[in-house]
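Here is a short tour of one protein chain. Keep the sequence and the 3D view side by side as you read.

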Amino acid sequence: MKNTFLLILMFVSLIINAQNNFIKNVKDYQYKQNLKFHNSKTSPLTAKDIKTFEALEFYKIDKKFEVIATLVKEKDPVIFEMPTTTDRKPLYVKYGTLTFSIDGKQHTLNIYQNKDFGRAPQYRNYLFLPFADTTNGNGSYGGGRYVDVLTTDEKPDGTITINFNKSYNPYCAYNSIYSCPLIPEENTLSIAIKAGVKNYKKH
């Protein structure tokens with residue numbers, strides 16, 4: 001009986017530690033985002049807005065919005081021009097399709113890779129996951145949000161972890177000088193992703 005109790009205690013302790021580490025990881029991400037927005041050299045804000053900027057507003061951190069997705073890679077990816085908020089047409093390929101579940105319902109999103117020539121080598125492993133959901137214009141930015149994923153995040157079993165708690169707004173949400181990829185229609189989710197950054201409100 002005593003051994004059983006100790007095993008249960010150890011199991012509960014492991015769960016609590018994992019949850020605490022998860023929350024700390026997301027909070028560290030949020031902290032770094034706010035630092036970037038306060039720094040005039042890295043902030044997308046206008047010179048005027050950065051003077052009154054306090055902090056980004058985020059949804060409550062929620063473990064259910066970190067999902068393990070099955071990644072099916074595109075066999076013969078075709079380079080295409082990604083529509084943006086301006087006339088700019090960056091080159092992308094569809095890297096693959098992600099399938100995952102939230103609250104027992106299955107969802108799919110396409111994930112992309114930038115193929116523009118002359119792209120900085122440090123972004124070689126970056127994948128681009130744009131998405132829209134039912135919070136757009138009602139809590140989150142109306143134009144949808146993005147999540148950064150790395151090819152190095154892929155697991156040998158064909159899965160990849162997507163953390164929507166780290167979703168962020170296109171720079172266009174803060175400053176009209178930027179040219180931002182539009183969310184592909186097929187990447188519209190029928191649920192509310194109440195995670196990640198909220199819509200930016202000027203003070």
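## A tilted aromatic pair

F128 is buried, at 8% relative accessibility. Buried means under 20% relative accessible area, exposed over 50%, and partly exposed in between, with a 1.4 Å probe and protein chains only. The model is predicted, so local features need pLDDT of at least 70 and side-chain atom pairs count only at pLDDT 80 or more, while totals for chains, interfaces and linings use all residues. Residues are numbered from 1 along each chain as its sequence is written, and side-chain values use heavy atoms, with hydrogens and water left out.

The structure holds ten aromatic pairs. Rings of Phe, Tyr and Trp (its six-membered ring) pair if their centres lie within 6.5 Å; planes under 30 degrees apart count as stacked, over 60 as edge-to-face and the rest as tilted. One of the pairs joins F128 to Y92. This pair is tilted, with 5.5 Å from centre to centre and 45° between the planes. Distant parts of the chain are linked here: Y92 is in strand β3 (residues 91-102) and F128 in strand β5 (residues 126-131), 36 residues apart. Helices (H or I, at least four residues) and strands (E, at least two) are DSSP runs, numbered from the N terminus. Y92 is buried, at 7% relative accessible area.

F37, F53, Y174 and Y200 make up one aromatic cluster.

Two lysines sit over rings. A charge counts as over a ring if NZ of Lys or CZ of Arg is within 6 Å of the ring centre and within 35 degrees of the ring normal. K63 lies over the face of F22, 4.4 Å from the ring centre. K198 places its charged end over the ring of Y59, 5.0 Å from the centre.

T84 is in the loop between β2 (80-81) and β3. T84 is buried, with a relative accessible area of 8%. Its side chain has a polar atom 2.7 Å from the backbone oxygen of R88. A polar contact of 3.3 Å joins the T84 side chain to that of S179. Such a contact is a pair of N or O atoms within 3.5 Å; within protein, one must be able to donate a hydrogen and the other to accept it, and residues adjacent in sequence count only if both atoms are side-chain atoms.

Leaving out residues up to four places away in sequence, T84 touches P90, S179, C180, P181 and L182. Contact means heavy atoms within 4.5 Å.

## N175, another buried residue

Where is N175 placed? N175 is in the segment after β7 (159-163). N175 counts as buried, at 10% relative accessibility. Apart from neighbours within four places in sequence, N175 is in contact with P44, L45 and T46.
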